Amino acid sequence: MTKRNNPITLPDFSKSTRVDKVGVEERVSRFQKRSIKGEAKLQGLKMALNMIDLTTLEGKDSPGKVRQMCFKAQHLHDVHPGLPTVAAVCVYPSMVGIAKKEVAGSGVKVASVSAAFPAGQAPIDVKIRDTRFAVDEGADEIDMVISRGKYLAGEYNFVFDEIATIKEASGNARLKVILETGELVTLDDVRRASDIAMYAGADFIKTSTGKIQPAATMQVTYTMLQAIRDFRLETGIKVGMKPAGGISSAKLALHNLVMVKEVLGNEWLTNDGFRFGASSLANDLLMQIMKVETGIYQSSDYFAID
Amino acid sequence: MAKKKNTSEFPKWNYAPAPESTSHIQLKDRYDLYIGGKWVKPLSKKYFKTINPANEKTLAQVAYANEKDVDKAVKAARKAYDEVWSKMEPSERAKYMYRIARLMQERAREFAVIESLDAGKVIRESRDVDVPLACNHFFYYAGWADKLEYAFPNRKVSPIGVAGQIIPWNFPLLMAAWKIAPALAAGNTVVLKPAETTPLTALKLAEVIHDAGLPDGVVNIVTGYGDTGAAIVNHPDVDKIAFTGSTNVGKIIQKAIAGTGKKATLELGGKSANIIMDDAPLDEAVEGIVNGIFFNQGHVCCAGSRLFVQEGVADKVIEKLKHRMDSLIVGDPLDKNTDIGAINSREQLGMIHKYIEIGRKEGATMYQSNCELPSSGYYCAPTLFTNVAQSSIIVQEEIFGPVLTIQTFRTTDEVIQKANNTPYGLAAGVWTDKGSRIFNVTTKLRAGVVWANTYNQFDPASPFGGYKESGFGREGGLHGLSAYVKQNEYGTVRSVENV
């Protein structure tokens, strides 16, 4: 893929490429028919493990729970050697300090949700403060939500400016922009919001908060991957993708990897290019890895829950 | 607590081979002719081999029917027509057809694998498209068998007689189903000749027909080359010819039957336009382009081989298309992950190469996907040509391979004119987000099938056929049925028996 447009000129977002849902469904079903076997399956499962943002985003999160999760992030299943760690842990800003300490030196990143997660219903100065707090606590990555209310009202410039502002407030932290596609509803809007986020400075675009259904359907992820591919062709910049919410089986994770490989190429198949926002996916991946390696399905009791 | 490094070093992720098993299929070393409900040795005493185009290995020896063999088959068909099939209660005919359809479904996997072995098409397509559609054609027409009076209201409906059917190598089983199902539903009997490079699924279909207990002689399968087909066309006791294949052969048939009173439907070549408007859903349109030209290695008579892209989005679409082409997996047709399989025959591969050479000599700009091709077998990388003109040979002539030409246009009128400026008129596609545009363009395109925001979709209930040199008559749906019935108005002097 070649770099074409430097400096970047902003497109007219009202003219973002249209998306045909029927066509998307057809293409997605093709990914689901790919046969992933043997070595390819094992490698895929391990790559998926290494792409997980292990997540806890609840009102009842405690320092204890976060510490446990951070330990698991680095020790997924130590009885089986040779497994990678996850990519990151994802927590609320109030837990960033604790998480940072727990994963220090391991290479596991700390991601913090931000910008009045999950609804985004707060003024911009609150969102800036929210973001700066997380960065100051040591967050490596910021998962911000966009203002869906403004987006749906057609105020694309507002959404764009807000993302750009948070990008600035994030400093060196990697910015993931959550579109909350379940609230945008149509694939045309998923595509347009993706374009807005990337041109405004997103390092990653992310489907969902996990609080709204539907979340990371393959149709939505596919549409966002197309947007990422076009942005790369247009600007030369690589933006990552993070489907979050609803991906809990290894099979679905592999289908997602197939989709990334075929739409964007192998270059995106690392945790710099692709992440899974998930909490229960890790154990299903581990279970499948053990099945491939030993030939036996083990009960879920053999895998630590958090 | 012990720290562990975040290891993210993985080798390039490629799919492991996933070949469909061939252990469940049953192929004989040698196939005779299926005539009068029996497998009979050819009077010609000759056999020819059919090979797997993916590795050039011989799959089986197949009987080479001569004129005498064809005569025998036509006689068997006539006998079955006169004595059994035309007199049978229509609801009984339907029962046989449903039985054939169900048996085909039961052996769907075997049909799919043999189709891929013999034709080079990828297992994903034979499994998901060819075989299910073939079954559905039998189901669909079985439903009409006892409802002909409703299909053609106020008409006295009767069968035509013996149908001679000659089918091509691109969709061997599906074409056999397209031909046989409506013929049987209406009470006709059949002599069918599959193409010489792909006879096996038609012969397997004969086994299914036999197992279904269809009365002897209702369906006869004779295998051979062009002279076998000519013997069917020229046989005086054949009442109707149904042919799918090249326009050249279609013209020969047309001349041969002129003045004989034989009815005919011809489904011939095409050079169909696929039109992308600037407001189209571009990524899905790119999929549609790929599906339009690379489906079945481009061996599709209705392939969207002439792409027209509106000027403002042309660069974008071509860039996306090239990117998509590079992700197509070309290789072993039996591998479940293969997107593009083998070219059907050495002869066809030569034809495609000839046209690619012509394109280069005409000064067109060529792009081929950067896929690796297998070292043996007949393969051609997905290919596109830009910088072509309406007068380029590669834009005018049917290539019947994975070769696309791309032209741009500015206005709707211009593209309609260019799309219609061809001796063919089989199919077309239009891609736009605007409903009114769809109706405007599709009503002005002179093509038998026009798809909007999709391409290469088929259904037994939908008629298929061409304008101009793409042939005449329709297959599929009620239109397809009408080609196999005589319709008389009630109360006219001409009785059915006298016609």
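Biologist: How many residues of chain B are in contact with chain A?
Modeller: First, a caveat: this is a predicted model. In it, 39 residues of chain B are in contact with 56 residues of chain A.

Biologist: And what area do chain B and chain A bury between them?
Modeller: About 4100 Å², with 47% of it on carbon and sulfur atoms.

Biologist: How many salt bridges are there across that interface of chain B and chain A?
Modeller: The rule finds eight salt bridges across the interface of chain B and chain A. A:Arg191 and B:Asp283 form a salt bridge, their closest N and O atoms being 3.2 Å apart.

Biologist: How many salt bridges over all chains?
Modeller: The search of the whole structure gives 59. Within chain A, for instance, A:Glu102 forms a salt bridge with A:Arg67, and the closest N and O atoms are 3.5 Å apart.

Biologist: Where do A:Glu102 and A:Arg67 lie?
Modeller: A:Glu102 is in helix H4 (residues 96-103) of chain A and A:Arg67 is in helix H3 (residues 63-74) of chain A, so the pair ties together parts that are 35 residues apart in sequence.

Biologist: Change of topic. Into which domains is chain B divided?
Modeller: Domain 1 covers 30-268 + 473-498, and domain 2 covers 273-459. The C-alpha centres of domain 1 of chain B and domain 2 of chain B are 30 Å apart.

Biologist: What area is buried between domain 1 and domain 2 of chain B?
Modeller: The figure is about 2400 Å², of which carbon and sulfur atoms give 58%. In terms of contacts, 27 residues of domain 1 of chain B meet 30 residues of domain 2 of chain B.

Biologist: How many salt bridges between domain 1 and domain 2 of chain B?
Modeller: The rule finds one salt bridge across that interface.

Biologist: Which element gives the most to the lining of the largest pocket?
Modeller: H9(B), with seven residues. Elements of chain B that each supply at least two residues include strand S4 (47-52), helix H8 (226-234) and helix H12 (346-361).

Biologist: How do the residues of that lining divide by class?
Modeller: The lining of the largest pocket has 23 nonpolar, 15 polar and twelve charged residues.

Biologist: How many cavities of 30 Å³ or more does the structure hold?
Modeller: Six. The largest cavity has about 100 Å³ of space. It is lined by 13 residues, and the closest to its centre are A:Tyr222, A:Gln226, A:Arg229, B:Glu287 and B:Arg324.

Biologist: Which helices supply at least two residues each to the lining of the largest cavity?
Modeller: From chain A, helix H10 (218-235) and helix H11 (250-263); from chain B, helix H10 (282-294) and helix H11 (311-326). By class, the lining of the largest cavity has seven charged, three polar and three nonpolar residues.

Biologist: What about the volume of the second largest cavity?
Modeller: The second largest cavity has a volume of about 90 Å³. Of its 16 lining residues, B:Arg306, B:Ala419, B:Ala427, B:Arg446 and B:Ala447 are the closest to its centre. The lining of the second largest cavity has eight nonpolar, four polar and four charged residues.

Biologist: Last topic, the backbone. What kind of peptide bond joins A:Gln213 and A:Pro214?
Modeller: A cis one, with omega about -5 degrees. A:Pro214 is in the loop between strand S6 (204-206) and H10 of chain A. The peptide bond from A:Phe117 to A:Pro118 is cis as well, with omega near 0 degrees. A:Pro118 is in the loop between strand S3 (109-114) and helix H5 (124-137) of chain A.

Biologist: And what is the phi of A:Glu180?
Modeller: Positive, about 50 degrees, although A:Glu180 is not a glycine. A:Glu180 lies in the loop between strand S5 (174-178) and helix H8 (181-184) of chain A.

Technical notes: Residues numbered from 1 in each chain as written. Chains lettered and ligands numbered in written order. Predicted model: local features only at pLDDT ≥ 70, side-chain atom pairs only at ≥ 80, totals over all residues. Heavy atoms only, no water. 1 Å grid on protein atoms, 1.4 Å probe; cavity = no way out; pocket = protein on both sides within 12 Å on 5 of 7 lines; lining within 4 Å. Points joined across faces, edges and corners; volume = space filled by probe spheres on them. Helix = DSSP H or I, 4+ residues; strand = E, 2+ residues; numbered from the N terminus. Nonpolar A, V, L, I, M, F, W, Y, C, P; charged D, E, K, R; others polar. Domains from an automatic or database assignment. Contact = heavy atoms within 4.5 Å. Buried area = accessible area lost by both parts, 1.4 Å probe. Salt bridge = Lys/Arg side-chain N within 4 Å of Asp/Glu carboxyl O.
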